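Please open the model in your viewer, with the chains coloured separately, and keep the selection tool at hand. The tour below goes from one selection to the next and says what is found at each stop.

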Amino acid sequence: MNLLRRKFIKTASFVGAAVAVGSSVLVPQRAIGAYMKAGFEAKDVDGAIQGSLGSTQHSASDAVMLKAPDIAENGAVVPITVSADMGGISAISIIAVANPQPLTSTYQLSSAAEPYVSTRVKMSKTSDVIAVVKADGKLYSATKEVKVTIGGCGG
Amino acid sequence: MKKVLSILGLALCIALPQAAMATPAQDLKEFRDYFAERFPNTPFDDYINGVYSIDPASREQWEQIEEFAPYELNVSNGQAMFEKAFANGKHYADCFENGGIGIRQNYPYFDTQRGEVVTLELAINECREANGEKPLKWKRGPIADISAYMAYTSRGNVFDIKIPDDPRALAAYERGKKHFYQKRGQLNMSCADCHKFYSGNLIRADKLSPALGHVTHFPVYRSKWGGLGTLHRRYDGCNKQVRAKPFPAQGEEYRDLEYFHTYMSNGLAVNGPGARK
Amino acid sequence: MATIKIRAKESGGVTTVKTLMSHPMETGLRKDSKTGKMIPAHYITEVTAEHKGNVVMTANWAGGISKNPYLSFKFKGAAPGDQIKISWVDNKGESDSASAEIK
C-alpha cells in the first residue's frame, strides 16, 4: 500500500535527537527507519518479524507470556499484554496474523526496561496473535488465537 | 425468536392488565424483581456495569480498558470546556445547582413550570443559549465531553428520580414506559424485547445488556464509535438497528423515554462516562 | 486539548508507566462512507519514553494500533519524584510530548 510510505527518515532523526550521549542505557543505533518500514509494510508474518527484529527464526517458549482475550469484544480495541521471564530482552514485536499488515507494533527496550509491554491493537478478523521477543540476538515467541466476531448490537 | 415471543406474550398478558393500574413505584419493584430473578448471581449495585455484570469474559477485557479508559481524554476536554467562560463572562457553573458539580443524578427531571422533561444535555444547551452561545450538537462532540465531565464529578451519587404529583409528570413517565415496551421497526422489536426479556442472551455474538442500570454509565465511549456519544445517540442507533425511524435527539419521545429509563435505575449510582464495545 | 495522559508509579524498584494518547490512528485503508474517498493514513509512528534524558523505551507503531492508543511499560532505576517524559511523532510530522511525576 503506497499510503504507508512515510517520512521514516524524519522519525529516525527524531530518535537520534532524543538520545543522550555516553549512557549505557542506550539501544544500539540501527537504521531503524529503513527496516522498520519494511516490517510494517510486510503482508506476511515472516516479513513482519524479519523487518522488525532482523530474523525469521523464532522458537516457541513458555517463558514468553502473551495475554489476549479468547474472544475480542470489539476488533477495533483488543487489549494485548506481553511479558517474559528471561533476561536480555532488547525488543518485542506484536503480530496479528490475519491483519492486512500483520506487524502491529515493535518495542525497543533499553537495558533499564522490564520485559513487559501492554497496548490495544486492531484485529480485522479471527487470527493468531504472535508475540516475539528478541533476547541476546535470538527470537522467542508465544502464540494465541483471538476470535473476532460480528456483533449484533450494531457492533 | 419464538421463545421470546411466547415469553413476551405471556409477560404482556400478565403485565398489561396490571400496567393500567400500576404506579411507577410498583413498576420499579416489578422491574427490579424481574432482573433479580433472571440474574440471581448479580448483586444489585453491579448492574451499573451493564453487560459486564453478567458476562465474565468480556468483563476481563473491559477491566483492562478501564485501567486507562479512552474517555479520560474526553473528561479532561469536557472539564476545560466547562470551566471556560462564555463570551459574556459567565460560566456553565452559573446555570446549575452546586456549580454543576456532583449533580448528574438529578437528571432527567420533570419541570412542572414548563410541563416537560429536562435532561442534562438539554440543560447544557439551554445554558449556552441563555448566555448568547450557539447550541451544541446533541449526540456527540463537545456536548458529550461536557456531559462526561459532569457525570464524572457525580460518580457514586445515587439516582433518585422523582415523579412530582402532577398529572403531566405521570403522563410523561407513562409515555416513556410505553415507548420502552412498544414494538417498532421492520424487525418489530421493543427495547424490552432485547434488554429485559432477552437480556443475557446472545444476539449474534453480543450478549444483551440488562436495562436495569443502563443509563448510569452514559455518556459512553464505544469502541465501535471510536469516540464518546450521548444516551440519545444510542437510542438513535438502537432504533435504526430494528429498522425503525429514529426520533429526534432531545425531542419529547426520547426525553420521556430517558425519564422512564432513568427512574427504573433509581437506587443505582452514577458511574459515567462508561467504556463499552 | 492535551493529547497525552500519563500515570507512573514506582514499587519495589520498578516503575510502571501507563499512558493514553489522543490520536485518530487512521490506517489509510478506510473509506469515508459519505464521500467514498479513502481516509488518508494518519497514525503515530513512534513513541519515546525518557527518564533523566535517557531513552527507556521506544515504540514503533502504525495503523494496527487502536484509536486513542494506550501503552504501558515498566522500567528500573527511577525513584518517586522523578519525571517521566512521553513523546510521540506521527506520519504527518506532527508531534507532542508531556511529562509526569513518578509517584
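Begin by selecting chain A, which has three helices and nine strands, where helices (H or I, at least four residues) and strands (E, at least two) are DSSP runs numbered from the N terminus. This is a predicted model, in which local features need pLDDT of at least 70 and side-chain atom pairs count only at pLDDT 80 or more, while totals for chains, interfaces and linings use all residues. Residues are numbered from 1 along each chain as its sequence is written, and chains are lettered from A and ligands numbered from 1 in the order in which they are written.

Read along the sequence, chain A follows the pattern α-α-α-β-β-β-β-β-β-β-β-β. Of its 155 residues, 43% count as buried, a residue being buried if 20 or more other C-beta atoms, placed from the backbone, lie within 10 Å of its own. Among contacts in chain A between residues at least 6 apart in sequence, 65% join residues at least 24 apart; two residues are in contact if their C-beta atoms, placed from the backbone, lie within 7 Å.

Next, select the six strands that form an open, antiparallel sheet in the order S2(A)-S4(A)-S7(A)-S5(C)-S2(C)-S1(C); two strands pair if DSSP finds at least two bridges between them. At the edges lie strand S2 (64–67) of chain A and S1 of chain C, each of which pairs on one side only. Neighbouring strands of this sheet are turned by 15° against each other on average, direction ignored, with axes taken as lines fitted to C-alpha atoms, for helices over the stretch in contact, and angles running from 0 to 180 degrees between N-to-C directions.

Within chain A, strand S4 (residues 78–84) and S7(A) pair in the antiparallel sense over six bridges, and Ile80(A) stands opposite Thr119(A) in S7(A).

Moving on into chain C, S2(C) and strand S5 (residues 70–76) are antiparallel and joined over seven bridges, with Val17(C) opposite Phe73(C). Eight bridges then join strand S1 (residues 4–11) of chain C to strand S2 (residues 14–21) of chain C, again antiparallel, and here Lys9(C) stands opposite Thr16(C). In the hairpin of S1(C) and S2(C), which has two residues between the strands, Gly12(C) takes a positive phi near 60°.

**A helix pair in chain B**

Finally, select helix H5 (residues 120–130) and helix H6 (residues 142–152) of chain B, which pack at an angle of about 115°, with their axes 10 Å apart. That makes H5(B) roughly perpendicular to H6(B), a term that covers angles of 65 to 115 degrees. The contact is made by Leu120(B), Glu121(B) and Ile124(B) of H5(B) and by Ile143(B), Ile146(B), Ser147(B) and Met150(B) of H6(B).

Notes
Angles under 35 degrees count as roughly parallel, over 145 as roughly antiparallel, 65 to 115 as roughly perpendicular and the rest as oblique. A residue is buried if 20 or more other C-beta atoms lie within 10 Å of its own, exposed if 12 or fewer, and partly exposed in between; C-beta atoms are placed from the backbone.
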